[in-house]
Amino acid sequence: MNTAYRPDLLYRGGSFEHGAALLVSEEGRILQAAPDAQTATVSLAGKAMLPGFVNTHSHSFQRLIRGKAESRQVSGRDFWSWRGTMYHAAARLSPEDVYDVARMAFLEMVRAGTTTVGEFHYLHTAPDGRPYADPNLLARQVIAAAQSVGIRIVLLRTAYLRSGFALPKDPGQTRFFETTAEFLANMDALLKDLQPSSESVRFGVAPHSIRAVPLADLHQMAVWARDRQLPLHMHVAEQLAENAACLREYGATPVSLLAREGLLGADFTAVHAIHITDAEIRMLADARATICSCPTTERNLGDGILAADKVLGAGIRIALGSDSQAQIDPLEDARELDYHLRLQQQERAILDQVGHEPLAARLLDCATINGAQSLQVAAGSLSHDNYADFFTVDRNDSSIAGHSADDLLSILAFGLNRSAIRDVVVNGKMILRDGRHPLDEEIVERYKVVHRKVWSERA
C-alpha cells in the first residue's frame, strides 16, 4: 500500500508548501499522483518536512577520537601529528568493534537528519597487516552497521598503497595497505555480492590521495571505476605539504596533475580542495567535478578555508561531509561555508553575492542534492521517483519558534538545533520516530565498551 505523509510544511522546489502530502510507494519511492482511498496516511502535524541530508565523506571509526586530540601535548601541532591519535584508535579495533563504532557514528548522523552516508573506508586488514579470511570483512562490518541503524550507505572503498612519495611505510597505516590488484579484486567481490541485493547499499572507488596512490595505479583504478559507472572520490589538496610533495614527484600540484592526466570528470569528487588556485578552480569547473568540503573537520585540524565563493561562482557543486566526526551536524557544516569566509574577509553573507538562489537554499543544496549527485544516489530532493528519504523538524522547537513559512528556511539554515529533528525516513521506512531510535540504548552501551577498551590502553 502507498503511504501519504502529511506535514504542516513540505520543502520542495526551494520553498515550503502548506498542506502538501508526500506520496510514497511500497518500494520507498516518491510518487507524483494524488493520494486515493487505498493510501495509508501518516500525520506529521506540527512538523516541517525536508529532504534528508547527504553526508558525502565520513570515516566512521574516527568517532572514537572525538575530544582525544585537542592537546598539543597529546597530538602535536598539526594534521600530520594528529594522525598518531587516529592510528592509535585504528590499530585497536576488532571487527566487532568496527561494527559498534560505525553504528554509533551512523546513529548520530540519523539524529542529525542524515539519510545517506558516503563512507570513505580504509581499514582493511588485521592489526598486523595480514588480510582476514574474507578481505572485505571490515567493509562488511561497516555496511552491516549502516543496515542495523537504517541509514543508506555508499561504501567508498579506499585504496592505500604507500605512505607517500619516497617514504617508508608508516606502521600506523598497516591496516590500510593493499596492492592495486588486491584492491580491485576485493572491490569486485563486494559489488558482485552486495550491490544487487539492496536499495540502501551502493559503492564507489576512493583512491585515498596522490601521496597514497601512485599515478599509474590511479589511472588503473579510475578506468576500473568508470567502466562500472561508479563514483570516484579522492582527498585532494587538503594540506600545503601534500601539494609540495606532489610537485616534487610529478612537477604539478594535485588538481593540475589530475587535470593533465584526464582524471577529472563529472563523476569525480575532490574532497577538501582547500589549497587550490584560481586556474585549478577553472579546471574543476570545466570537468564538472564536485568538491566535498568538511568544514568542522577542516577547522578542527587547522587545514584551512575553502574558497567557497570562488568555487560556487565558477559553477562547481559543493557537497558536505563529517569526515573525522569532530562534530556531526550537517547544517553547521553548511553555514560554516559562509561563516569561515566572513571571518576571513571581515564582511557578512559572502555567499549571498554568488548566484541567484537565496543563500539558505544554496546551503541546503550543499547538504542534500549536491551530495546525492556526488554519490550517484537518487536522493537529496523530494522529487518524483527519488528515494523517500526525509526528516521532520518540530515547528515549536525553541531554536526555530516564531518562524513563518517564508522565513523558516533561513532560520533552519542558520539556527536549527539538532534537538528539533523528530522523524527520519529512509527509503520510505521510518527509522527515527519522535526523536527515538529503537536501538538507541544498545548502540550507546556497546560503543561505551569499545571506547573504554581503546583509551584505557593509552592511559
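1. Let's start with a cluster of charged side chains: Arg63, Arg66, Glu108 and Arg418 are joined in a network of salt bridges. Keep in mind as you look for them that this is a predicted model. Over the whole structure, the salt-bridge count comes to 33.

2. Next, have a look at Glu242 and Arg211, which form a salt bridge with their closest N and O atoms 3.9 Å apart. A salt bridge is counted when the nitrogen and the oxygen lie within 4 Å, so this pair makes the list. The two partners come from distant parts of the chain, 31 residues apart. Glu242 sits in helix H7 (residues 240-250), while Arg211 is in the loop between strand S8 (201-207) and helix H6 (215-227). Buried or exposed, where do Glu242 and Arg211 fall? Both of them are buried.

3. Now follow Arg299 to Glu332, where the side chains meet in a salt bridge of 3.7 Å, N to O. What does this pair tie together? Arg299 belongs to helix H10 (residues 295-301) and Glu332 to helix H12 (residues 330-345), so the contact connects parts that are 33 residues apart in sequence. Glu332 has 16% relative accessibility, and buried means under 20%, so Glu332 counts as buried.

4. The largest pocket has a volume of about 250 Å³. It is lined by 15 residues, and if you want to find its centre, the closest ones are Gln147, Val149, Gly150, Lys429 and Ile431. Helix H4 (137-149) and strand S15 (429-432) are the elements that give two or more residues to this lining. Which element gives the most? That is H4, with 4 residues.

5. What is the lining of the largest pocket made of, by class? There are 7 nonpolar, 7 polar and 1 charged residues. Check the domains as well: domain 1 (3-51 + 382-440) and domain 2 (53-375) each supply at least three residues to the lining of the largest pocket.

Note on methods
Residues are numbered from 1 along each chain as its sequence is written. This is a predicted model: local features need pLDDT of at least 70, side-chain atom pairs count only at pLDDT 80 or more; totals for chains, interfaces and linings use all residues. Side-chain values use heavy atoms; hydrogens and water are left out. Buried means under 20% relative accessible area, exposed over 50%, partly exposed in between (1.4 Å probe, protein chains only). On a 1 Å grid over the protein atoms alone, a cavity is a set of points where a 1.4 Å probe fits but cannot get out, and a pocket is an open set with protein on both sides within 12 Å along at least five of seven lines; lining residues have an atom within 4 Å of a point. Grid points are joined across faces, edges and corners, and a volume is the space filled by probe spheres set on the points. Ala, Val, Leu, Ile, Met, Phe, Trp, Tyr, Cys and Pro count as nonpolar, Asp, Glu, Lys and Arg as charged, and the others, Gly among them, as polar. Domain bounds come from an automatic or database domain assignment.
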